[in-house]
Amino acid sequence: MSMFTQKMRMLTSVVMDSDREKVVKALLEKGVMEFVHIGTLPAEKMQKLSQHASTVPRAALTDMRIRIETLLREGSVSLPDIEKTDIDNLPSLDMEASRRALDRLSGSLDTIRAQQREINQKMNFYREIIRYSSEKNDEYLDLRVGSINHGDSKDLAARLDAIGGVFLFSSKPLVSLTLRRDSARVSDVMDKFGWTESTDAEAQKGAMSEAMGEAREKVRNLESELKALSEESSKRIRDKADDLCALWVNVRVNELCEHVESYFSYTKNTTLFSGWVPEEDTDTISKTIYDVTGGRCIIEWTEASQVAPEEVPVSMTSPKILRPFERMVDNYSTPEYGSINPTPFTAIAYLCMFALMFADLGQGFVLLLVGILGTVYYRKNPLKKDGLISRYLCNLLLYLGPASMVGGILFGSCFGLGIFPPLWFDYEAVVAGEPAAGLVQSVYDILGITIKFGICVIYLGLILNWINLVRKKRYFELVFDKNGLVGGVVYTIGIWFAYGFVGSGYREFPSAPWFMPILLICLALVVIKGPLGYILGRRSGKPKESVGRVAIDTIMDFVVEVLELFSGFLSNTLSFMRVAGLGIAHASLMSAFYQMAAMPDNAIASIAIAVIGNVLVIVLEGLSAGIQSLRLNYYEFFTKYFTGHGIAFEPVGLKSRIVVD
Amino acid sequence: MSRVSDYAFINAKLRARIGIIRSSHLLDEMIKSPSLAEAVSKLDGTRHGHIAEVYRTTGDLQQAELSMMEDEIASYREIASYLPAHSAHFITVLLEKVEMDNLKNALRLWYSDVVRHHIISFRSAYVCRSLIVHSIDYDKIMNAESYQEMIRAFSGTPYEAVLSRFSLDILTEKGLFPLEIALDHLWFAHLEEALRHLQGDDRKLAEKIYSVDVDLKNILMLTRYSYYFHLPHDQLKDVLIPMGYISSEIERLKAYESDDPMAVIKGIVQRRYPQISEEIAAIRGTNDDLTAADENASQILRIEAYLADRRKSEYMKLLVGKPFSIGVVLSYFFLCKGEDSLVSAVLSAKNYKWSETKIREALGL
């Protein structure tokens, strides 16, 4: 892991056109290069270069890949591991033949669906009959029991089937159960066969239950057929899974090659390409290109320092263990090239904040357990979509659980009960107002601890900012910015002032001979920031402005900066009181639930209340603590040193995210 | 309760959902899919996810559409449950429109059976039978042998009075169109009443949006039924919805009493909606010859496209307007309805194996 963003170098290479495909595949296998268009050559040279001409349009490849993925998903088949494929020996891609194969598979699925539809419609019809009977709406049904004088009962059944109903024509008397709304149509058909209604009352009575039994049997059979067809559609895809996976790999590799080659430029016999590579991978990339081309290549490396910093992509290397926190940083923004990697600091700050807000050994263990179970579940079901407890949340809980458990040990809390002595102080006892020994005796002391914690976090943010500014050689900002040295000094004397005031029991402000001179020097630095910035800007070629404009800007900037300096730092620091607030709320809620649990005489009710209370606190407080920790990191910590002006490094490799332009 | 507390939660909830709908490429992906099965699978992971499941289990698009309708009903109920009583009542009136579409389907099936003598067969299963707003006996509708028996299915509902104004003879002679129009008018009357019960900004916003909505519907009816189907003026009067600017101007200027009522109505539309004045003016009062009919049809399509855009922009304006109002709710329903209709249309088109280009042309995408 590097404390700072990874150093980058830009590769520019010329290879023979005949080696192009091998080079592209080798670079894709390495997956450490972000390609850029060659745009820095003089215009007359650029004119001599031609752009990549696709044999197969990339959009067509993308469409086909999406199509295969859709079919694989339909059959619950996972995508193959492309890295395990020998991409050098892939068969050539025949788009037309592949499309035909996919059409055939897709067409067979449509055929199955058409069969399903037909069955479903029949089932709906029988269900309507069954429903009318079970809801005692017999007036909507038309039951007939009788015999025919001429013709064949099979012919009659075939004609009546077109209308719909249950027909028991295998034994006598014949039974017909149809819908009353179809009576006229049924009568028309029956008349042609000389239907005579039976006068046997017993036969009439038993006919309804017999017909209903038949209808239910038909529905059961149709349901089985429907299920079998549904399974058949998945099976058809699974039968073709190997072909589909092989085709997917081929299409994906071609798509990636097309994507990479779209950055290339060509002369008659050579290919020119360029891209960013992390410094630690430069030797590997050079060797790969040399090996693949047999030395028929030219490779040039450009240092990142020779390029404008905002054009250099930013790569952060954090250990795998810090991945969930890297995502938090990514969600915020990408740091500038060359600045400090915020991930480890975010991890420490986030976990400390969470542990202080949600300190409980037992509840932390529950969080850890949920994290473990969720992770195992998602590993076993890789195609499963994220639920309310997403993959990321499960991963994060693997850290938050232990953090909470450590907090619980420090404050002697397990499911809100003080069943073991605290390592630091008894949080619940302090919140409950019970007499406590040691330095922490009241909730004000807890608030004080979190404010001190906040001061440490803000100072850390300022120090990280100063390191970033020194590395970027932005000395003007280092001195004059509100998050620079001036800001640091103002914040320090502010803290001294506040502590002096609080220390006197809120009776008098502290005084010292150095206080006013330092404050005035700081304010003077804030005042001269504008004019000095203007003078330095003029030297570096910025446009001239009138004296009046500069003066007004200086006054406005001074007012805003002073307000931001004082109110900003004050609010940032006091914002950390929420850490105590959430912790106190956690202890209070647990205490309230246990008091409620003690009320009923019934032990089962008491246990149920205690369990429900714990579940509610774990869900609601856990969520609040997680959100508030993130908020404190984003708004109180990151704003001190994280400018977020960088562009993320996105190397193209076989495992790259799906590339769609 | 303040407006903020009334609407803060639902505003945040619906804006998140609207964001998902607006950023979705679902329709584009569905249209691009080469087969129906592949188009359906694009619904996985969207709010229509279980429709895909219904289709996989039954292979029946109409069954899937019924499921979509049930979702729509659930969505209206869910949102109404988060709103204060007066706004919730308004949402219930909007839900009545869904109920009316459902009962129109039931009536069409009954009509098909009793008047046209076609077998309903399994098709009755695609009518939603559960309670939507009013207690209607759908089984009775579809099994009624006479018109009077059918009306009894609506006993105790506001629809009973409307249905009583018609008879089997009238419907046999004129079809279901006059009955459907009468039901639409009933709904608009309910809407007007519900608008009056809304409060403050909610009322202003809803009145504005539905006034434009009704105007646009009236223009559509004018262009379709007057210019295209040559409905006589006295019948046209019964067709137009008695709400909105156009209807009130027709009333104020006594257009039907003039020598050339259509010229007066044209003038009213052109004054209010000058963007379509050229198309309105170009429509000829006759389609005796095929050229005129074709030209009229294309003008009407252009007018419809404009009206659809105008309607969309009116609803989109609500999203950038007052956040703690009923506006975001109305926009959400509009977007959902739009997406639902398009999803249904694309699935039907895929079922009939229409090409991508033909689908895009037909849907104006």
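**View 1. Strands E4 and E7 of chain A pair in the antiparallel sense.** This close-up comes from a predicted model. Strand E4 of chain A spans residues 141-148. Three bridges join E4(A) to E7(A). Strands of a sheet pair through backbone hydrogen bonds, either parallel or antiparallel.

**View 2. Four strands of chain A form an open sheet.** Read across the sheet, the order is E5-E6-E4-E7. The pairing is antiparallel. Strand E5 (166-168) and strand E7 (195-197) of chain A are the edge strands. Each of these two pairs on one side only. On average, neighbouring strands of this sheet are turned by 35° against each other, direction ignored.

**View 3. Helix H5 of chain A packs on the sheet.** The helix covers residues 153-163. It touches E4, E5 and strand E6 (174-179) of chain A. The direction of H5(A) makes about 10° with that of E6(A).

**View 4. Chain A touches chain B.** Chain A gives 32 residues to the contact, and chain B gives 24 residues. On the side of chain A, the elements that give two or more residues are helix H3 (58-74), helix H4 (95-134) and helix H7 (201-239). H4(A) supplies the largest share of that side, 16 residues.

**View 5. The side of chain A that touches chain B holds nonpolar, polar and charged residues.** Which numbers of each kind does this side have? Six residues are nonpolar, 11 are polar and 15 are charged.

Key: Residues are numbered from 1 along each chain as its sequence is written. Chains are lettered from A and ligands numbered from 1 in the order in which they are written. This is a predicted model: local features need pLDDT of at least 70, side-chain atom pairs count only at pLDDT 80 or more; totals for chains, interfaces and linings use all residues. Two strands pair if DSSP finds at least two bridges between them. Axes are lines fitted to C-alpha atoms, for helices over the stretch in contact, and angles run from 0 to 180 degrees between N-to-C directions. Two residues are in contact if their C-beta atoms, placed from the backbone, lie within 7 Å. Ala, Val, Leu, Ile, Met, Phe, Trp, Tyr, Cys and Pro count as nonpolar, Asp, Glu, Lys and Arg as charged, and the others, Gly among them, as polar.
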